[in-house]
Amino acid sequence: SIGFTSSAAFHPLVSSAVRGLRLSLPELALRLEEGATDELTADLLAGRLDVAFLRGITVEAAKLSVELVDREEMLLAMPDDHPLAHQPEAGAVLDLKDLAGETFIFYRRQSGQGLYDRIIAACQTAGFSPKVGQDAPKLASTLSLVAAGLGVSIIPESMARLETSGIAYRRFSETSGVSAPLYLAWRPEPARAAVTNLIREVKARARRQDAAPVR
């Protein structure tokens with residue numbers, strides 16, 4: 001039983017590790033569960049999940065084995081006719097403070113608590129509290145609202161792989177402080193072979209990803 005938050009579902013490390021486990025153990029029955037960080041943590045502690053991919057760490061997660069397996073860049077998603085999408089400096093990065101006057105589309109905190117809190121904290125550090133115009137039920141649905149011209153959003157880079165027309169993306173400067181960590185969590189008790197294999201597979205893929213040359 002593998003859990004994941006809604007944003008982690010789009011990360012290639014998650015899908016590739018699950019695929020690798022499936023190929024190595026074709027007879028294994030897999031159950032995938034999407035949920036919020038606190039829900040997944042509770043399910044891990046109760047034994048309803050074997051492992052989970054999380055974007056944030058709660059107080060209860062201190063009872064689990066947790067490992068950071070990636071720190072993903074976050075992007076500004078905006079309507080493709082937005083002024084920031086047509087600045088002459090193609091590829092220039094943004095400072096978070098440049099968005100102080102924008103209307104944001106956020107997903108509900110209970111759907112993505114870890115990323116939500118990190119974005120709010122980064123905006124406050126940049127000197128403003130984001131003006132929220134729309135509150136999307138799920139992280140993926142924020143992109144539909146952005147494409148409709150209702151505001152901008154900040155998303156993990158892996159979500160930009162979704163085929164959504166009408167959206168442009170910009171990168172943030174390194175000093176903006178917005179990133180999307182990806183954690184793997186599991187109970188510290190002795191695990192079954194399949195769980196151990198998955199943990200080893202994720203760690204190995206994370207190391208190869210870190211070692212890959214920057215393009």
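Which residues does leucine 99 touch, not counting residues up to four places away in sequence? The legends below refer to a predicted model.

**View 1. Contacts of leucine 99.** Leucine 99 touches Leu76, Leu84, Phe104, Phe128 and Phe172, with residues up to four places away in sequence not counted.

**View 2. The largest nonpolar core.** This core holds 30 residues. Leu76, Leu96, Leu99 and Phe172 have the most contacts inside it. At least two core residues come from each of strand E4 (65–79), strand E5 (103–107), helix H3 (113–125), helix H4 (141–147), strand E7 (153–156) and strand E8 (167–171). H3 gives the most, with five residues.

**View 3. Salt bridge between glutamate 73 and arginine 171.** The two side chains meet at 2.7 Å, N to O. Glutamate 73 sits in strand E4 and arginine 171 in strand E8. The pair links distant parts of the chain, 98 residues apart. Glutamate 73 is partly exposed at 30% relative accessibility. Arginine 171 is partly exposed too, at 37%.

**View 4. Salt bridge between glutamate 201 and arginine 205.** The closest N and O atoms are 2.6 Å apart. Both residues belong to helix H5 (residues 193–211). They are four residues apart, so about one helical turn separates them. Glutamate 201 has a relative accessible area of 23% and is partly exposed. Arginine 205 is partly exposed, also with 23%.

**View 5. Salt bridge between aspartate 43 and arginine 48.** The closest N and O atoms lie 2.8 Å apart. Aspartate 43 is partly exposed at 21% relative accessibility. Arginine 48 is partly exposed at 48%. The structure holds 11 salt bridges.

Key: Residues are numbered from 1 along each chain as its sequence is written. This is a predicted model: local features need pLDDT of at least 70, side-chain atom pairs count only at pLDDT 80 or more; totals for chains, interfaces and linings use all residues. Side-chain values use heavy atoms; hydrogens and water are left out. A nonpolar core is a set of buried Ala, Val, Leu, Ile, Met, Phe, Trp, Tyr and Cys residues joined through side-chain atoms within 4.5 Å. Buried means under 20% relative accessible area, exposed over 50%, partly exposed in between (1.4 Å probe, protein chains only). Contact means heavy atoms within 4.5 Å. A salt bridge is a side-chain nitrogen of Lys or Arg within 4 Å of a carboxyl oxygen of Asp or Glu.
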